[in-house]
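Trainee: Could we go through this model together? I would like to start with the overall picture and then turn to the details.

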Amino acid sequence: MRILAIETSCDETAAAVVEDDCRVLSNVIVSQMRVHSVYSGVVPELASRCHIEYMLPVVREALEVAFGGEVRSAGFSLSSHEKVRSAGLSPSPGGEIRSAGLSLSSHEKVRSAGLSPSPGGEIRSAGLSLSSPGENRAKASTRIENRYGIEAIAVTRGPGLIGSLLVGVETAKTLAWTWNLPLIPVHHTMGHLLSVFCELPEGQSRILEIPPEGQPASAQWETIPAASPIRPIGPICPIGLTSPTAPTRPTAAFDYPYLGLVISGGHSSLVRVDSPLRMRLLGSTLDDAPGEAYDKVAKCLGLGYPGGPVVDRLAAEGDSEAFALPRPLLHTREYDFSFSGLKTAVVRAIQDFGGLARLRESETALKDLCASFQAAVIDVLLKKTERALKRERLRRLVVAGGVACNRGLRAKAARRLQSVHLVFPPPVLCTDNAAMIGAAAQYLPPLPRSEALALDARAGWELP
Ligand code: KG4
Ligand code: ZN
């Protein structure tokens, strides 16, 4: 089935076209990383606003990458003014995006940025409004041609930031309605777990980085190689069956059942996956997610946001035994994680050293502290993973989510888990993306048509 998928659970606005066998025709991402880096963390309100601004350009780009040429007359035409905007040149507020019965007016933007989700499945809260239901129903059935053969719309329903999720969910509902297509809600973690089955040909991934507010928008869409990471993570060779040059198909021999470790800024979950529709959560974080711990530690060390890539890089040059840091919950709570105490221990270590200024003056101390912190995180993650593999009698493991880009983790996991079929999806599929949502949707039933317009976003949606 050819699916157009949308993902907006946190701070990436993403759309992808995925078809049978999880073959990815396009994988397009607008990254808000630089917008949030000013604040050393994701600001939910800003994230929602950026999603609204870039949602339709991202969908358009995903269709263009997948099918080439101008995406017009398929019920999705943006004016040349919008094309400039979509290239990231000058996202001017208040501009109208009109096509296929979708309109984004400044009035709606203000409403949705103010996060007032209206009940009853109304297509409003994400800033998309169908001006006249009757008129648009007529368009949907008679005038709108879906000439790219899209057969369903998939969207991340949760978990995530509610304002961010709403933009994707309402956009997906609107597209499904106007194109008269089935709608498939997808659990975000399920997407990460099934990303391992994506076949991502070279040249199909695009990224655009939004500059921080007040800075000129000079960014353009950039193609990212399938096996390379999103900047600024640095060159990483994916481990598993992939090589940095070959088109990624890490899953040729991969099968169920397997253990999934999903680790990112928002979540850490250990999941037993018996089939796309049979998954069991074994454990998760009780407080901070590992990515969150990386980001907070980086902030304490004055290293900027996101923290993972820079701490990872410094850790590679440090001594991981220089600072004695705890391994939270290593021997208790079987598969659950806790990382907030580790962050506090790092803060204490900085104080004990004589403060941040002193630590940063030393040639090695900063690197040593990064290495010690990273070793503690990896130790806990791998220990719990090994325990779950053993007790659940599993011999396959997928590690996904933004923290799965971590070089130290990749190297150590490969050394420690030699008897396990271990796959790290390529970094471009580890961080949030819509290709994984399209891949998961291949296995999921669409909503009955009568329920599609009532679909709501679920910030705290548990793994079904
Ligand atoms: O999956 P993702 O893009 O977004 C969600 O949080 O859902 O993950 C982003 C997180 C950030 O916290 C970032 O610091 C972390 O992944 N991250 C890393 C690395 N690259 C990104 N953490 C550790 N090592 C890395 N190399
Ligand atoms: Zn994620």
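Mentor: The discussion below covers the fold, the core, the ligand shell and some backbone features.

Mentor: This is a predicted model, in which local features need pLDDT of at least 70, side-chain atom pairs count only at pLDDT 80 or more, and totals for chains, interfaces and linings use all residues. Residues are numbered from 1 along each chain as its sequence is written, while chains are lettered from A and ligands numbered from 1 in the order in which they are written.

Trainee: How many helices and strands are there in the protein?

Mentor: The protein has 16 helices and 14 strands. Helices (H or I, at least four residues) and strands (E, at least two) are DSSP runs, numbered from the N terminus.

Trainee: And what percentage of the residues count as buried?

Mentor: Of the 464 residues of the protein, 54% are buried. A residue is buried if 20 or more other C-beta atoms lie within 10 Å of its own, exposed if 12 or fewer, and partly exposed in between, with C-beta atoms placed from the backbone.

Trainee: What share of the contacts with a separation of 6 or more comes from residues 24 or more positions apart?

Mentor: Such pairs account for 73% of those contacts. Two residues are in contact if their C-beta atoms, placed from the backbone, lie within 7 Å.

Trainee: Now the largest nonpolar core: which residues touch the most other members?

Mentor: They are A5, A15, A16 and A62, in a core of 129 residues. Helix α12 (residues 365–391) gives the most to this core, namely 14 residues. At least three core residues come from each of domain 1 (3–214 + 433–452) and domain 2 (251–424), the bounds being from an automatic or database domain assignment. A nonpolar core here is a set of buried Ala, Val, Leu, Ile, Met, Phe, Trp, Tyr and Cys residues joined through C-beta atoms within 7 Å.

Trainee: What does A16 touch?

Mentor: Leaving aside residues up to four places away in sequence, the contacts of A16 include A5, V24, A62, N433 and G438.

Trainee: Changing topic, which residues come nearest to ligand 1?

Mentor: G265, G291, G308, G402 and N406 come nearest, out of 20 residues around ligand 1. A residue counts as near if its C-beta atom, placed from the backbone, lies within 6 Å of the molecule.

Trainee: Which helix gives the most to that shell?

Mentor: Helix α9 does, with four residues; α8 (290–300) and α9 (307–315) each supply at least two.

Trainee: Is α9 itself enclosed or open, and why?

Mentor: Seven of its nine residues are buried, so α9 is largely enclosed by the rest of the structure. Among the buried ones are G308, P309 and V311. The cover over the buried residues of α9 includes α8, α12 and α13 (407–416).

Trainee: What about C22: buried or exposed?

Mentor: C22 is buried, with 24 other C-beta atoms within 10 Å. C22 lies in the loop between β2 (12–19) and β3 (23–31), and has a positive phi of about 55 degrees although it is not a glycine.
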